Amino acid sequence: MAPTIWDVARLAQVSKSTVSRVLNGDPGVAPETARRVLEAAKALRYRPNHIARSLVKRQTRTLGLVIPDQRNPFYALASWAAEHEAYGRGYSVIVGNTDNDPSKETSYLQLLDARLVDGMLLIGGVQDASAIVRHASSSTTPMVLVDRDVGPAFSIPAVTLDNIAGGREMTEFLLNLGHRRIAFVTSEYTAAERDRRIGYEQALQAAGLPADPALIIRLEEDAWKAGRLEPLEALLLQEGRPTAIFASNDLKALFVYRLANRLGLRIPDDLSVVGYDDIEVADLLQPPLTTMAQPIEAMARTGTRTLIHLIEGTQPEESQLRFTAELRVRASAAAV
């Protein structure tokens, strides 16, 4: 039978409350008494019941982290940064992958609430935020969004990036290189991808080039992951093909690289390719990928700190919840 706190108290010849104070790090306990309690606990191999303690304190020192897909280097870095920030502040993290499935997202929100997490951090995800809104309306668990927003109508703090401005800046960069037929390739699963496409269209319109629907290729996420890019391949094989491709994120740019190589198109001599996010491998490609660098590590850390301040009822350390992307010019884009 596992030893109890009463066993520790009897062996140390102190009260149960004194044992509890020592194990909770109360500095007010006399050093000699604390030493006796710790030695007794060690001798009995006593382990506190964290679940019972959590129920009493109504706090588990645990955060729930929900992301679309940890295989994506972008979300891998984001989850690492969030966990690192949380651990440094005394919290552990439970991670769930939704696979861009709103029903799975709903399941994870319910599961995390059942596990009594102190708060939830949601990074990225599909445009449909109805699961978040529904859950927030019936749950008292604090929630913070990163790289996603449900709008001002709902009081859910969000750490966001100005993706419209980023999409516009990247398109202007290509226009300044002389490109006029610029394709935009995406899945548009996320609001971030949608906003980057809006920025792309705004830049074209400002240059007197209305967006051509034939140059906007939308493919399902599963098609991108499986390399089923037939519509894009047809576009690149036709006469008057685009001279540049703006991929809505760097992973999709990697698939464009592979397709271009298979079709015998040289980057950037025959086709300029740019991305968005600046994942770690972007600088390792041949040629290195020009991209918009998203400060996802800083965003994830900010979201984690904001969530912990909500949980603890303390004043946030920073007021900046909106970030901007930075253009990283490399060798994958060239003048026409």
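What follows is a short tour of rings, a cavity, and some individual residues.

This is a predicted model, where local features need pLDDT of at least 70, side-chain atom pairs count only at pLDDT 80 or more, and totals for chains, interfaces and linings use all residues. Residues are numbered from 1 along each chain as its sequence is written, and side-chain values use heavy atoms, with hydrogens and water left out.

**Aromatic rings**

- A pair of aromatic rings is described by how far apart the centres are and by the angle of the planes.
- Searching the whole structure turns up four aromatic pairs. The rule is that rings of Phe, Tyr and Trp (its six-membered ring) pair if their centres lie within 6.5 Å; planes under 30 degrees apart are stacked, over 60 edge-to-face, and the rest tilted.
- Phe74 and Tyr75 make an edge-to-face pair, because their ring centres are 5.1 Å apart and their planes stand at 80°. Both Phe74 and Tyr75 are buried (buried is under 20% relative accessible area, exposed is over 50%, and partly exposed is in between, using a 1.4 Å probe and protein chains only).
- Trp224 and Phe255 form a tilted pair, with 6.4 Å from centre to centre and 55° between the planes. Trp224 sits in helix H10 (residues 221-226) and Phe255 in helix H12 (residues 250-262), so this pair ties together parts that are 31 residues apart in sequence. Trp224 and Phe255 are both buried.
- Helices (H or I, at least four residues) and strands (E, at least two) are DSSP runs, numbered from the N terminus.
- Phe184, Tyr200 and Phe246 are joined into a cluster by ring pairs.
- There's also a charge over a ring: the charged end of Arg61 sits over the ring of Tyr91, 4.1 Å from its centre. For that to count, NZ of Lys or CZ of Arg must be within 6 Å of the ring centre and within 35 degrees of the ring normal.

**The cavity**

- Rolling a probe the size of a water molecule over the atoms shows where empty space is left.
- Here a cavity is a set of points, on a 1 Å grid over the protein atoms alone, where a 1.4 Å probe fits but cannot get out; lining residues have an atom within 4 Å of a point. Grid points are joined across faces, edges and corners, and a volume is the space filled by probe spheres set on the points.
- How many cavities of 30 Å³ or more are there? The count comes to one, and the largest cavity holds about 30 Å³ of space.
- Leu63, Gly64, Leu65, Ala82, Val93, Leu121 and Thr304 line the largest cavity. Strand E1 (residues 62-67) gives the largest share of that lining, with three residues.
- By class, the lining has five nonpolar residues, two polar ones and no charged ones. In this scheme Ala, Val, Leu, Ile, Met, Phe, Trp, Tyr, Cys and Pro are nonpolar, Asp, Glu, Lys and Arg are charged, and the others, Gly among them, are polar.

**Residues and their contacts**

- Arg181 is in the loop between helix H8 (163-176) and strand E6 (182-186). Arg181 is partly exposed, at 30% relative accessible area.
- Setting aside neighbours within four places in sequence, Arg181 is in contact (heavy atoms within 4.5 Å) with residues including Asp212, Leu215 and Gln238.
- Gln294, in the loop between strand E10 (290-293) and helix H13 (296-312), is buried at 6% relative accessible area. Beyond neighbours within four places in sequence, Gln294 is in contact with Phe74, Asp147, Leu161, Arg196, Asp277 and Met299.
- Thr33 lies in helix H3 (residues 31-44) and counts as buried, at 18% relative accessibility. Thr33 touches Val14 and Thr18, leaving out residues up to four places away in sequence.

**Backbone details**

- The peptide bond from Ile267 to Pro268 is cis, with omega near 5°, and Pro268 is in the loop between H12 and strand E9 (272-277).
- The bond from Gln286 to Pro287 is cis as well, with omega near -5°, and Pro287 is found in the loop between E9 and E10.
- Asp99 isn't a glycine, yet its phi is positive, near 55°. Asp99 is in the loop between strand E2 (92-97) and helix H6 (102-114) and is partly exposed, at 41% relative accessibility.
- Asp278 is not a glycine either, with a positive phi of about 65°, and Asp278 sits in the loop between E9 and E10.

Conventions:
1 Å grid on protein atoms, 1.4 Å probe; cavity = no way out; pocket = protein on both sides within 12 Å on 5 of 7 lines; lining within 4 Å.
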